[in-house]
Amino acid sequence: MSNRNHDAAADEITMASTARLLPDSSEIAALLFRRRWVFALTFLATIALTAVVLALLPRSYTATSALLLQPREAEPVKVNDRGFVAPADDNLIDTAVQVIRSPTLTLDVVRHLGIAKTAEFGGTGNTSEAERERLAVNRLLTHTLVRRIGVTYLVEISASSTSAEQAAKIANALAGRYIQLDKTKKQASSSQSARYVEGQASALRRQAVTDDAALQTYMVRNNLMSAQGATMAEQEVSELNRQIADAQAQLAEQRGKLGAAQAQIARGGGGADIGSALASETVRQLRQQEAQASARLAQLDARYGALHPEVAEARDELADIRSQLEAELARIVSGLRGDVQIAASRLASLQSSRAQAKGALAQNSSAQVGRLELERRAEASRAIYSAYLTRAKETAQASELPNADATIASMARAPDLPASPNYLLSALVGFFAAIAIASVATAVAEYLEDTVSTRADIETGLGATYAGAIPTLSSATRAKVGGITPQDYVATRPMSLFTESMRNLATYLGLMTADNGTQVITITSALPREGKSTTSMCLARALSMSKRRVVLVDADVRHHSTSNAFRPSRETEGLFRVLDGSSSIEEALIQDDRTTLHILPTFGPRSPDDVIAESTMAALITDLKQRFDIVVIDSAPVLGVAETRMISRLSDCTLVVACWRRTSVKAVRTTLDLLAQSGSRVGGVALSRVNIKEFASAGLTDAFGYYKKFKGYYVD
């Protein structure tokens with residue numbers, strides 16, 4: 001395979017990797033599988049460290065109490081709307097929060113609980129009590145949190161301490177001391193208000209008395225004394241008006257009586273129908289006498305005649321009675337006239353008195369303005385005095401029983417679990433931190449890893465062609481291999497997975513096709529003990545079992561592992577004797593006792609002339625190509641022996657073997673560079689000693705990534 005083809009394949013792989021934005025999940029799984037021990041150890045170490053830190057961290061307990069604020073309107077005097085609750089005020093609640101966190105209240109709590117004497121807050125050492133209290137206040141402020149809950153009237157007080165009971169005591173003490181401070185403040189304010197209101201009430205009482213006295217003096221001075229809501233002048237005029245009305249009615253009545261009497265007399269009735277006459281006893285008696293005398297006269301006149309003396313006597317008696325009756329009626333009419341005169345005189349007198357009273361009332365009208373002003377002033381003084389007197393009583397009662405504008409909504413209880421450290425949260429954080437640190441450690445280990453371990457390392461990292469992987473016997477078989485060598489295992493287990501890996505490698509190198517003619521392949525490595533000799537022997541035996549004529553040349557003249565494996569007795573001269581012409585190829589070749597494989601061994605140089613020259617090596621390869629189908633050369637490591645590059649240049653293809661997870665990328669890269677400089681045709685890089693049970697180590701793009709699915713195809 002040419003270098004141009006290798007470079008083109010590498011470019012395609014590089015472009016495909018660049019075009020993919022996200023890494024393949026199989027690559028991530030392969031990475032984690034390869035570095036599982038790094039990941040696991042780092043993860044466990046982080047978890048252990050987290051557990052140790054949690055165990056060593058001091059425990060802190062947090063207890064929480066809640067205050068319910070009830071802001072009220074604070075006025076020293078409220079005539080109306082007593083007990084009005086003010087609306088929610090953020091400033092008032094924020095003020096309460098700041099008061100609770102104030103150094104003064106905190107110092108009060110420190111002294112009340114005596115926490116300045118504790119090591120947690122007061123510290124240790126021979127310091128003064130004031131210094132310990134100052135330190136305790138500062139520490140307590142840092143261990144408390146006061147905040148409003150949403151937009152409610154609730155204020156939450158949280159206190160932290162190494163003791164659960166101490167934390168609950170601090171939270172409850174802060175709430176209680178705030179309520180006590182509020183009560184004390186309200187009591188002082190109520191006492192001050194009471195004193196102020198009481199003083200004002202006394203002054204207002206004196207003012208009210210003064211205003212009432214001034215009003216009374218003014219009314220007396222201006223004759224404005226009143227009864228039943230009216231002044232004396234007004235009452236006098238009113239009374240006169242009533243009397244005048246009565247007098248006018250009486251006068252009209254008397255005049256009516258007199259007119260009726262005069263009208264009856266004028267009609268000739270003799271005044272018999274006059275009401276006063278009808279009511280007079282004298283008139284009644286005279287009328288009875290008149291009736292009796294008239295009846296007696298009529299009887300006598302009828303009996304005796306008009307000229308009889310008894311008749312004349314009776315007639316004189318009747319005339320005398322009638323004369324008395326007329327005189328009595330005249331007297332009654334005269335009395336009626338007198339009554340009319342008396343009524344008229346009384347009416348005139350009352351009208352004169354009313355005129356005088358109206359004059360006095362008109363004189364007092366100008367004084368009414370001043371009276372009204374004094375009345376309003378007196379009424380205002382009385383109203384203000386009454387309000388202050390009522391407020392003084394309320395303030396006195398409030399000062400005796402002060403109610404705070406806050407109550408404890410919930411008491412703090414000693415917590416069962418510490419707030420710090422939060423074990424659940426710390427465990428979660430430690431778990432994810434362990435994953436993160438283990439991932440970073442895995443990435444760092446992968447980054448620092450300089451060995452060849454995956455197909456991507458070869459194709460992407462080195463830009464070379466991946467030839468395949470050669471597993472270890474322990475990972476490629478389920479049977480116990482005991483002390484059997486890999487090359488013997490190939491001969492005894494031709495249908496095994498390990499032998500199949502050799503056939504895969506031969507197929508990749510094109511060694512399984514007879515149409516390609518005789519092929520010469522050099523197998524080398526960057527450094528010693530990377531499995532190149534084992535690979536050479538196993539590959540040669542696998543090829544020989546496929547009915548191909550194969551020769552294995554041991555060109556590693558310094559280590560000669562192949563020669564030691566096939567002919568440990570060193571009975572033949574081997575490679576150097578063939579190169580110097582002292583021995584023929586037939587004499588130097590040995591036959592594998594298990595396969596048809598021939599081996600050209602070497603046991604190291606015995607003289608300064610025992611060197612591999614390019615001309616003699618080229619002649620040897622030409623001779624071997626005429627005798628065999630495949631020539632496999634086990635050469636020395638490239639980085640240690642220069643002659644390997646020469647042998648590689650004479651070969652049709654060179655296979656570089658790198659030990660899995662052992663050979664560094666730099667060593668393989670240097671090897672490839674040296675081979676390219678020498679004009680060698682590198683067929684690819686194969687990984688040796690691969691543990692295929694860790695299939696992800698080679699990546700799922702390798703055939704061994706799927707070896708579990710083909711277990712039934714192999715015979716161990």
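## Aromatic pairs

Search the whole structure and you find four aromatic pairs; rings of Phe, Tyr and Trp (its six-membered ring) pair if their centres lie within 6.5 Å, with planes under 30 degrees apart called stacked, over 60 edge-to-face and the rest tilted. Take F43 and F431: their ring centres are 5.7 Å apart and their planes sit at 90 degrees, so this pair is edge-to-face. It ties together distant parts of the chain, as F43 is in helix α3 (residues 36–56) and F431 in helix α12 (residues 423–448), 388 residues apart. Helices here are DSSP runs (H or I, at least four residues) and strands are too (E, at least two), numbered from the N terminus.

F431 also pairs with F432, with centres 5.5 Å apart and planes at 80 degrees, so that pair is edge-to-face as well. Is F43 buried or exposed? F43 is buried, at 18% relative accessibility, while F432 is exposed at 53% (buried means under 20% relative accessible area, exposed over 50%, partly exposed in between, using a 1.4 Å probe and protein chains only).

## About the model

This is a predicted model, where local features need pLDDT of at least 70 and side-chain atom pairs count only at pLDDT 80 or more, while totals for chains, interfaces and linings use all residues. Residues are numbered from 1 along each chain as its sequence is written, and side-chain values use heavy atoms, leaving out hydrogens and water.

## Salt bridges

How many salt bridges are there? The count comes to 21, taking a salt bridge as a side-chain nitrogen of Lys or Arg within 4 Å of a carboxyl oxygen of Asp or Glu. One of them joins R455 and E459, at 2.8 Å from N to O. Both residues lie in helix α13 (residues 455–461), four residues apart, or about one turn of the helix. R455 is partly exposed at 25%, whereas E459 is buried at 11%.

Another bridge, between D488 and R594 (3.4 Å, N to O), reaches across the chain: D488 is in helix α15 (residues 486–492) and R594 is in the loop between β10 (590–591) and β11 (598–600), 106 residues apart. Through shared partners, salt bridges join D488, R541, D592 and R594 into one network.
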